[in-house]
Amino acid sequence: MSTDPSKAFNTVLGNQTERRLKNVFERLSGTLQRDALIQETTSQLRELLQVDRLVLYYFYRQWQGRVTFESLSDAQYTIFGSTGPDECFNGDYAAMYEAGRVRAIADIEVEPIQACHRDFLRSMNVRANLVVPVLTPKGLWGLLVAHHCQSSRVWTANDVEAMQRGAATLATAPEIRGS
């Protein structure tokens with residue numbers, strides 16, 4: 001009794017196709033879960049902190065990133081897709097954030113910061129900002145950034161703690177930790 005070679009080939013091909021489709025579905029499912037978690041986290045933090053904009057700046061390459069998520073108090077504050085000035089965010093700054101640096105600026109007009117940083121923040125209508133790293137086992141994954149655009153703002157210890165909890169939530173999510 002012999003087996004039809006074309007039937008065996010079709011069975012193997014069908015199994016490979018099924019495995020590939022399953023892998024694609026699992027990746028898409030993980031991406032959707034990650035996106036939902038990030039959007040929920042940024043929205044909750046913006047509402048809690050009562051800021052104009054809360055964004056996730058994601059590093060897609062070493063120290064090159066872009067705003068991939070944002071929660072806004074008003075659509076006029078959108079900066080979705082924007083990138084940071086490369087000359088301002090270099091390896092020295094990245095190393096500080098990899099070490100857990102939190103940066104709170106109450107007023108960009110009086111804070112001693114680099115001119116390119118001040119100009120960059122002005123271009124996005126930022127008056128005060130709070131930056132917290134999202135650290136995974138692989139390193140600096142992104143930055144959670146709260147922007148207050150309408151006026152200066154003194155950031156409280158509770159504000160910093162809320163942002164750090166949000167960053168930790170993101171960093172420990174399997175969909176992010178594994179990416």
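This is a predicted model: local features need pLDDT of at least 70, side-chain atom pairs count only at pLDDT 80 or more; totals for chains, interfaces and linings use all residues.
**Close-up views of salt bridges, sheet and helix**

View 1. What does Arg103 form with Glu111? The two residues make a salt bridge, and their closest N and O atoms lie 3.1 Å apart. Five salt bridges are counted in the model, and the next two views show others.

**View 2. A link between a loop and helix H3.** Here the side chains of Glu109 and Arg122 meet in a salt bridge, with an N to O distance of 2.7 Å. Glu109 belongs to the loop between strand E3 (103-105) and helix H3 (115-123), whereas Arg122 sits in helix H3, so the pair ties together parts that are 13 residues apart in sequence.

**View 3. Arg153 and Asp159, a buried pair.** The closest N and O atoms of this salt bridge are 3.3 Å apart. Arg153 counts as buried, with 16% relative accessibility; Asp159 is also buried, with a relative accessible area of 9%. Elsewhere, salt bridges with shared partners join Glu109, Asp119 and Arg122 into one network.

**View 4. The open sheet.** Five strands line up in the order E2-E1-E5-E4-E3, with antiparallel pairing. Which strands stand at the edges? They are E2 (64-72) and E3; each has a single partner strand, so one side of each is left without a neighbour in the sheet. From one strand to the next, the twist averages 20 degrees.

View 5. E1 (residues 53-61) and E5 (residues 139-148) pair in the antiparallel sense over six bridges.

**View 6. Helix H4 by itself.** H4 covers residues 157-172, 16 residues in total, and reaches 22 Å from its first C-alpha to its last, close to the 22 Å expected at 1.5 Å a residue. An α-helix has 3.6 residues a turn, so residues three or four places apart point the same way. Which residues of H4 are buried? They are Asp159, Val160, Ala162, Met163, Gly166, Ala167, Leu170 and Ala171.

Terms used. Residues are numbered from 1 along each chain as its sequence is written. Side-chain values use heavy atoms; hydrogens and water are left out. Helices (H or I, at least four residues) and strands (E, at least two) are DSSP runs, numbered from the N terminus. The expected span of a helix is 1.5 Å times one less than its number of residues. Buried means under 20% relative accessible area, exposed over 50%, partly exposed in between (1.4 Å probe, protein chains only). A salt bridge is a side-chain nitrogen of Lys or Arg within 4 Å of a carboxyl oxygen of Asp or Glu. Two strands pair if DSSP finds at least two bridges between them. Axes are lines fitted to C-alpha atoms, for helices over the stretch in contact, and angles run from 0 to 180 degrees between N-to-C directions.
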